[in-house]
Amino acid sequence: MVLLEPDPFLSELHKMYERNKSGTVWITMKRTNMKPRKSKKPDPKAEYVCLIRANDGKRHVSTTISPTQYPKFSQSMVIIMKGAMADTLKRKEKKKENK
């Protein structure tokens with residue numbers, strides 16, 4: 001898994017959606033403080049960050065976002081996701097009624 005900065009992560013996420021027009025892209029988010037596993041005592045001053053992962057079955061990428069960066073990053077990610085959904089969703093054709 002590749003840990004990227006936020007902007008390259010967003011561009012890679014866009015590429016994943018472009019490659020998988022009819023496939024699936026999984027996105028997971030979780031709160032973490034990214035502490036080493038060996039430390040036994042939790043640090044009360046540790047700032048929690050959001051770990052975001054994207055996976056299309058072939059490529060795995062991830063990034064970490066601080067709480068101050070999250071609103072702007074979230075808006076950018078939603079724009080990418082909506083754009084991918086708008087391209088893949090099709091309108092239903094209306095059936096004509098015979099009288």
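Apart from neighbours within four places in sequence, Phe73 is in contact with Pro6, Phe9, Leu10, Ile52, Thr63 and Ile65. The model is predicted.

**The aromatic pair**
- The count of aromatic pairs comes to one.
- Phe9 counts as buried because its relative accessibility is 0%, and the cut-off for buried is under 20%.
- Phe73, at 5% relative accessibility, is therefore buried too.

**The largest nonpolar core**
- This core has 15 residues, and those touching the most other members are Phe9, Leu13, Tyr17, Ile52, Ala54, Phe73 and Met77.
- Two or more residues each come from α1 (6-19), β3 (49-55), β4 (60-65) and α2 (70-88).
- Helix α1 supplies the largest share, with five residues.

**Thr63**
- Thr63 sits in strand β4.
- With a relative accessibility of 0%, Thr63 counts as buried.
- A polar atom of the Thr63 side chain lies 2.8 Å from the backbone oxygen of Leu4.
- Leaving aside neighbours within four places in sequence, the contacts of Thr63 include Leu3, Leu4, Glu5 and Pro6, as well as Cys50, Leu51 and Ile52.

- Four strands make up an open sheet in the order β1-β4-β3-β2, with mixed pairing.
- At the edges are β1 (2-4) and β2 (26-32), each of which pairs on one side only.
- From one strand to the next, the twist averages 25°.
- Strands in a sheet pair through backbone hydrogen bonds, in parallel or antiparallel fashion.
- Here β2 and β3 run antiparallel and are joined by seven bridges.
- Thr28 stands opposite Arg53 in β3.
- Helix α1 lies across β1, β2, β3 and β4, and runs at about 145° to β4.

How values were computed
Residues are numbered from 1 along each chain as its sequence is written. This is a predicted model: local features need pLDDT of at least 70, side-chain atom pairs count only at pLDDT 80 or more; totals for chains, interfaces and linings use all residues. Side-chain values use heavy atoms; hydrogens and water are left out. A nonpolar core is a set of buried Ala, Val, Leu, Ile, Met, Phe, Trp, Tyr and Cys residues joined through side-chain atoms within 4.5 Å. Buried means under 20% relative accessible area, exposed over 50%, partly exposed in between (1.4 Å probe, protein chains only). Contact means heavy atoms within 4.5 Å. A polar contact is a pair of N or O atoms within 3.5 Å; within protein, one must be able to donate a hydrogen and the other to accept it, and residues adjacent in sequence count only if both atoms are side-chain atoms. Two strands pair if DSSP finds at least two bridges between them. Axes are lines fitted to C-alpha atoms, for helices over the stretch in contact, and angles run from 0 to 180 degrees between N-to-C directions. Rings of Phe, Tyr and Trp (its six-membered ring) pair if their centres lie within 6.5 Å; planes under 30 degrees apart count as stacked, over 60 as edge-to-face and the rest as tilted.
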